Amino acid sequence: MAGLNVSLSFFFATFALCEAARRASKALLPVGAYEGFAREAMRTLVVLGPWAGGFGPDLLLTLLFLLFLAHGATLDGASGNPTVSLQEFLMAEVSLPGTLLKLAAQGLGVQAACTLTRLCWAWELSDLHLLQSLMAQSCSSTLRTSVPHGALVEAACAFCFHLTLLHLRHRSPAHRVPAVALLVTITAYAAGPLTSAFFNPALAASVTFGCSGHTLLEHTQVYCLGPLAGMVLAVLLHQGRLPRLFQRNLLYSQKHKYRAPRVKPALASGDMQTPAKARSGREPGRGGVRGPPSS
């Protein structure tokens, strides 16, 4: 129970620290620097909290759900996920410099999270943290299946995640935030035994890159190329194209739902008399042209 209390305290302390840093950055930094850098760094740091705390599977899923609920309410639209930043770039919503700034912030957040985690473990506040501190130098990979299968699993998770984000991006936060949090929790439960269901290259790089069992190239294929492929497929399916690269829709027809009514061309004044003269020579009944009157 003491270990659980320590882990929960670590989680909430990390979240509170990131929230305080986010508010200070928003107040002190220029708008561009805050939106592109600071909030992404804070988001990446807080995402790593549950894994750094050493929670068990059940508690981890619960905290993951609560984390995404809290993130949707407080972290001001930051993603902490490189594939989400690249999705915004492919959707032509963010410029290339802005995207690169976000990616740099997410890398900084990863490094800050690793430093904070090792510092927490070094304090040995619980037996679990002591064990993690001893095992930090000889960690094992979270990939527990073949590389092709793992890449397919991560791509499928990313595809569902990004397609949901695209579908709900114009919905109110009251509907969008719980739906995304529930989807992430279910996905982590379903795919966790195989790859831990990161579908976030920044998170995977911090947790499992460099661990024994698989090479860096294999980890990159599963945890970077897999989510990237799933994201691209989700954008292509949702939009029918990649807006940054193509103007024409590649999958869906361009027919308009509503058609403009056809308008007959206006007749000139001389032409308006011609039908009248033609009608004057016709009988309104079933007969044709009226002949001359008989004597």
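The charged end of Arg244 sits over the ring of Phe89, with 4.4 Å to the ring centre. Keep in mind that this is a predicted model.

Searching the whole structure turns up 3 aromatic pairs. One of them joins Phe198 and Tyr223, a tilted pair with 5.5 Å from centre to centre and 55° between the planes. Phe198 belongs to the loop between helix 9 and helix 10, while Tyr223 is part of helix 11 (residues 216–239), so this pair ties together parts that are 25 residues apart in sequence. Tyr223 also pairs with Phe209, again in a tilted arrangement, at 6.5 Å centre to centre and 50° between the planes. Phe209 comes from the loop between helix 10 and helix 11 and Tyr223 from helix 11, so here the parts tied together are 14 residues apart in sequence.

How buried are the residues around here? Phe198 has a relative accessible area of 3%, so it counts as buried. Tyr223 is buried too, because its relative accessibility is 0%.

Ser196 lies in the loop between helix 9 (173–195) and helix 10 (201–207), and its phi is near 70°, a positive value in a residue other than glycine. Ala197 is in the loop between helix 9 and helix 10 as well, and it has a positive phi of about 50° although it isn't a glycine. Ser196 is buried, since its relative accessible area of 16% is under 20%. Ala197 is also buried, at 6%.

What about disulfides, how many are there? The structure holds 0 of them. Cys160 is in no disulfide, and the nearest cysteine sulfur, that of Cys157, is 7.0 Å away.

Elsewhere, Leu101 lies in helix 6 (residues 96–122). Its C-alpha atom is separated by 9.8 Å from that of Ser85, 16 residues apart along the chain.

Here are some partly exposed residues side by side:

| Residue | Relative accessibility | Class |
|---|---|---|
| Leu101 | 35% | partly exposed |
| Cys160 | 38% | partly exposed |
| Cys224 | 23% | partly exposed |

Definitions and conventions
Residues numbered from 1 in each chain as written. Predicted model: local features only at pLDDT ≥ 70, side-chain atom pairs only at ≥ 80, totals over all residues. Heavy atoms only, no water. Helix = DSSP H or I, 4+ residues; strand = E, 2+ residues; numbered from the N terminus. Buried < 20%, exposed > 50% of the residue type's maximum accessible area, 1.4 Å probe, protein only. Disulfide = S-S within 2.5 Å. Phe/Tyr/Trp six-rings, centres within 6.5 Å; stacked < 30°, edge-to-face > 60°. Lys NZ or Arg CZ within 6 Å of the ring centre and 35° of its normal.
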